Amino acid sequence: MKSIIFDVDGTLWDSTGMVADAWNTGLMVFPMIKRKLKKEDLREQFGLPMVEIFRNLFPEIAEERSEEEAAELYEEIAGVLYESQEEAMKLESGILYPGIEKTIKELASRNKLYIVSNCQCGYIESFLEKTELLDYFEGHLCFGDTGLSKGQTIRKLMEDEHIEDAVYIGDIEPDAYASKEAGIPFIWAAYGFGNVKDGLYEHKINNPEELLELF
């Protein structure tokens, strides 16, 4: 296996505390939303497409408006929350999972590493800058870049980078289905945010350093 493609949230780091605080700051612009987000709320959502995340977090927006009005307001909310998040990430950082830094550096010495996420543009770049891991990854792609499903985004990365043999590492069941859509094996990072049913993953790892035994 020459190429390893990683998810970010729940796989490489946990940024839910920082993002929850930043989004709560942004939500002050929208008095109709009374909910105060906690990091646990985001752990249940991270990894899903962005539109789906906001619909899950703020269903009252869709219930009280027409489909077109709700879509416009969700888009407005997303813009404000992302801006608040970007400002927060200039000062704060998520938390790398124990062993990630060592694992990434060792893997990069013998494999090509990439990132694919359902996040917005700029998030992966901020992650790489904050963690000082930029030099260990060959490339990355996200939903914000492509507007495609995660599986299709994985395939596009593979086509763009001329990758023939790869594996995807993620922490939630939709990551397993994305890997299947992309036609590559899936490794479940069981230390992350979600659960994955038996039969949907090639391997299960309970900590990042177990990857060093697989590759």
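Biologist: Which residues do ring pairs link into a cluster?
Modeller: This is a predicted model. A search of the whole structure finds nine aromatic pairs. Ring pairs join one cluster, made up of Trp23, Phe46, Phe54, Phe58 and Tyr82.

Biologist: Which residues does Phe58 touch, not counting residues up to four places away in sequence?
Modeller: Phe58 is among the residues with the most contacts inside the largest nonpolar core, which has 57 residues. Helix H5 (residues 67-91) gives the most to this core, with nine residues. Leaving out residues up to four places away in sequence, Phe58 touches Leu27, Ile33, Leu37, Tyr74, Ile77 and Leu81.

Biologist: Is Phe6 buried or exposed?
Modeller: Phe6 forms an edge-to-face aromatic pair with Phe137, at 6.2 Å centre to centre and 80 degrees between the planes. The pair links distant parts of the chain, 131 residues apart. Buried means under 20% relative accessible area. Phe6 has 1% relative accessibility, so it counts as buried.

Biologist: What is the angle between the planes of Tyr97 and Tyr191?
Modeller: Tyr97 and Tyr191 are both buried. Their ring centres are 5.0 Å apart. Planes over 60 degrees apart count as edge-to-face. This pair is edge-to-face, with an angle of 65 degrees.

Biologist: Where on helix H6 do its buried residues lie?
Modeller: The buried residues of H6 (residues 100-108) are Ile100, Thr103, Ile104 and Leu107. Seen down the helix axis, they fall within an arc of 95 degrees, so they line one face of the helix.

Biologist: Which elements do the buried residues of H6 pack against?
Modeller: Strands and a helix both take part. The partners are strand E1 (3-6), strand E3 (95-96), strand E4 (112-117) and helix H11 (211-214).

Methods: Residues are numbered from 1 along each chain as its sequence is written. This is a predicted model: local features need pLDDT of at least 70, side-chain atom pairs count only at pLDDT 80 or more; totals for chains, interfaces and linings use all residues. Side-chain values use heavy atoms; hydrogens and water are left out. Buried means under 20% relative accessible area, exposed over 50%, partly exposed in between (1.4 Å probe, protein chains only). Helices (H or I, at least four residues) and strands (E, at least two) are DSSP runs, numbered from the N terminus. The arc is that of the directions from the helix axis to the C-beta atoms. Contact means heavy atoms within 4.5 Å. A nonpolar core is a set of buried Ala, Val, Leu, Ile, Met, Phe, Trp, Tyr and Cys residues joined through side-chain atoms within 4.5 Å. Rings of Phe, Tyr and Trp (its six-membered ring) pair if their centres lie within 6.5 Å; planes under 30 degrees apart count as stacked, over 60 as edge-to-face and the rest as tilted.
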